[in-house]
Amino acid sequence: MQNTNLTCLPENYQMKYYFYHILSWPQLSYVAEDHKGRIVGYVLAKMEEEAKDEPHGHITSLAVLRSHRKLGLATKLMRQSERAMLETFDASYVSLHVRVSNRAALSLYMDTLKFEIHETEAKYYADNEDAYAMRKVLKQKALPETLALENGAEQATATPQPGAETKAVTPSSQPPKAAGGKKKKKGKK
């Protein structure tokens, strides 16, 4: 994982940072391997420990070697981690940071994975580049009308909020292996 990070990204982490994520949230980090078992991509994720309101996950790092890009690996890794956040920790949303200049990543996050820009954080990176703080809703909040119905009140059901997803990411048919241990292959991206 660290080798892929060093090869692909300007933000690098010490080995203890990977161990911290893998030991604390083993369900959330995944790797993609080639036919020889070499790691060619990964997603490093966690649950926010200081979440004041609702539980939510955070993508710390995502990388795929250039030789294995445009195969859908990043999408598969992200969806698998998102699903684990929702199913294991009941996360309401997932967040991440991305360089404002990283057009390829922005396209993946916004167009393919349906993240939205929440805010811009000035000089977020070590080289002083700004970052977009992005979010994706994983589960819809209960609306007051829905809560009233559940409590026996006679009102019409509420319509979903625009842009909010109503269910978790659909299962992929071949999830990547978990970083903390091997998983059986179940299908494709």
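## A tour from the aromatic pairs to the core

The count of aromatic pairs in this predicted model comes to three.

Select Y20 and W25. Their rings pair edge-to-face, with 5.3 Å from centre to centre and 85° between the planes.

Next, select Y124 and Y125. The ring centres are 4.9 Å apart and the planes stand at 85°, so this pair is edge-to-face. Y124 is partly exposed, with a relative accessible area of 39%, whereas Y125, at 10%, is buried. The charged end of R99 sits over the Y125 ring, 4.3 Å from the ring centre.

Now move to the largest nonpolar core, which has 31 residues. Which of its members touch the most other members? Select I59, L62, M78, M85, L96, Y109 and F115 to see them. Then colour the elements that each supply at least two residues: β1 (30–33), β2 (39–47), β3 (56–64), α3 (73–89), β4 (93–99) and α4 (103–112). The largest contribution, seven residues, is from α3.

Return to F115 and show its contacts. Leaving aside residues up to four places away in sequence, F115 touches M78, E82, V94, L96, Y109, M110, M134, R135 and K136.

Select α4 next and look down its axis. Where do the buried residues of α4 lie around that axis? They are A105, L106, L108 and Y109. These residues cover an arc of only 160°, which means that they are on the same side of α4. Turn to the face pointing away from the buried side, and the exposed residues R103 and A104 come into view. To see what covers the buried residues, display β3, α3, β4 and β6 (131–137), which are included in that cover.

The last stop is K114. Just after α4, K114 takes a positive phi of about 65°.

How values were computed. Residues are numbered from 1 along each chain as its sequence is written. This is a predicted model: local features need pLDDT of at least 70, side-chain atom pairs count only at pLDDT 80 or more; totals for chains, interfaces and linings use all residues. Side-chain values use heavy atoms; hydrogens and water are left out. A nonpolar core is a set of buried Ala, Val, Leu, Ile, Met, Phe, Trp, Tyr and Cys residues joined through side-chain atoms within 4.5 Å. Buried means under 20% relative accessible area, exposed over 50%, partly exposed in between (1.4 Å probe, protein chains only). Helices (H or I, at least four residues) and strands (E, at least two) are DSSP runs, numbered from the N terminus. Contact means heavy atoms within 4.5 Å. The arc is that of the directions from the helix axis to the C-beta atoms. Rings of Phe, Tyr and Trp (its six-membered ring) pair if their centres lie within 6.5 Å; planes under 30 degrees apart count as stacked, over 60 as edge-to-face and the rest as tilted. A charge sits over a ring if NZ of Lys or CZ of Arg is within 6 Å of the ring centre and within 35 degrees of the ring normal.
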